[in-house]
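Biologist: I have not worked with this structure before. Could you take me through it, starting with the ligand?
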Amino acid sequence: MEIKNNSAQRSEALAKLRREYLHKGLDESELDADPFVQFRHWLDEAIAAPFLEPTAMTLATATKDGKPSARVVLLKKVDDRGFVFFTNYESRKGEELSENPNASLLFYWDALERQVRIEGTIERVSKEESKAYFDERPFASRIAATISQQSRVVRSREELEKKFDELAMRYKGEIVPLPSFWGGFRVLPGLFEFWQGRENRLHDRFRYSRGAHGWRIERLSP
Ligand SMILES: Cc1cc2nc3c(=O)[nH]c(=O)nc-3n(C[C@H](O)[C@H](O)[C@H](O)COP(=O)(O)O)c2cc1C
């Protein structure tokens, strides 16, 4: 559908954009009792599908008085405890997570008509874990992470490039040390929700909540 330039026509056109979700449904009998196993099934299918960034997830954080913010980060590891991503600990998200340890993750895989919501608390991964991942990154990414004061105002692109070139020269052929302000966070989930689009907007939604005796699964109204 063509989206018009005029703003009234554009909002009308946006409101009319509509498609049916016909991929396939999700039945309770197909769900794994363990939400991490269920997540891995869906992640494997997303990786096999033609997405550019199947591991991209929206991370929502909040200040201590509950003012939210969101941005995309890449999932780098899922283990039995949680979901790991890497970032600058002094960035806006890093600061919000140090004053408020609650976080939410969101995956949206449109070609599969699937969404996964994850909510939990956060911990920093160990220095060793951060270092192991940092050392695996390409040289230029290690230099960029080191010179970037992520989320701070920067005077110009030239200033960034100059810092990058200087540090790249300094560490040429050498090991770039892990910066003290850079590393991983692990989201420890207390809640998952798996959403599968269905026809007539009667979507399938299953929530897993962590209780004293394991995970409880409930179907939610679309
Ligand atoms: C596809 C994609 C992947 C990204 N992956 C990361 C990431 O893994 N870590 C990260 O710190 N920022 C990543 N970013 C940049 C963040 O979205 C964001 O701009 C940056 O982390 C600063 O966020 P903040 O100011 O809220 O802290 C990614 C952005 C996109 C669009």
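Predicted model: local features only at pLDDT ≥ 70, side-chain atom pairs only at ≥ 80, totals over all residues.

Biologist: What about Ser 91 and the ligand, at what distance is its side chain?
Modeller: An N or O atom in the side chain of Ser 91 is 3.3 Å from an oxygen atom of the ligand. For Arg 92, a backbone N or O atom lies 3.3 Å from an oxygen atom of the ligand. The protein covers 63% of the 610 Å² of accessible area that the ligand has on its own.

Biologist: Which residues are around the ligand?
Modeller: They are Arg 71, Val 72, Val 73, Leu 74, Phe 86, Thr 87, Ser 91, Arg 92, Lys 93, Gln 150 and Ser 151. By type, this shell divides into 4 nonpolar, 4 polar and 3 charged residues.

Biologist: Which element supplies the largest share of the lining?
Modeller: That is E4, with 4 residues. E2, E4 and helix H5 (139–147) each contribute at least two residues to the lining. The lining divides into 8 nonpolar, 5 polar and 2 charged residues.

Biologist: Now the chain as a whole. How many helices and strands does it have?
Modeller: The protein chain has 6 helices and 9 strands. Its C-alpha atoms fill a box of roughly 60 × 55 × 40 Å, taken along the principal axes. Of the 222 residues in the chain, 39% are buried.

Biologist: Next, the backbone. What is the phi of Glu 113?
Modeller: Glu 113 has a positive phi of about 55 degrees, although it is not a glycine. As background, most residues other than glycine have a negative phi.

Biologist: Where does Glu 113 lie, and is it buried or exposed?
Modeller: Glu 113 lies in the loop between strand E5 (102–109) and strand E6 (114–124). Its relative accessibility is 5%, and buried means under 20%, so Glu 113 counts as buried.

Biologist: Why does Asn 200 count as exposed?
Modeller: The relative accessibility of Asn 200 is 57%, and the cut-off for exposed is over 50%, so it falls in that class.

Biologist: One last residue. In which strand is Arg 114 found, and is it buried or exposed?
Modeller: Arg 114 is found in strand E6. With a relative accessible area of 3%, Arg 114 is buried.

Biologist: With which side chain does the side chain of Arg 114 make a polar contact?
Modeller: The partner is the side chain of Gln 196, at 2.8 Å.

Definitions and conventions
Residues numbered from 1 in each chain as written. Heavy atoms only, no water. Near = heavy atom within 4 Å. Polar contact = N/O pair within 3.5 Å; in protein donor to acceptor, adjacent residues only side chain to side chain. Areas by Shrake-Rupley, 256 points an atom, 1.4 Å probe, with all protein chains shown as cover. Nonpolar A, V, L, I, M, F, W, Y, C, P; charged D, E, K, R; others polar. Buried < 20%, exposed > 50% of the residue type's maximum accessible area, 1.4 Å probe, protein only.
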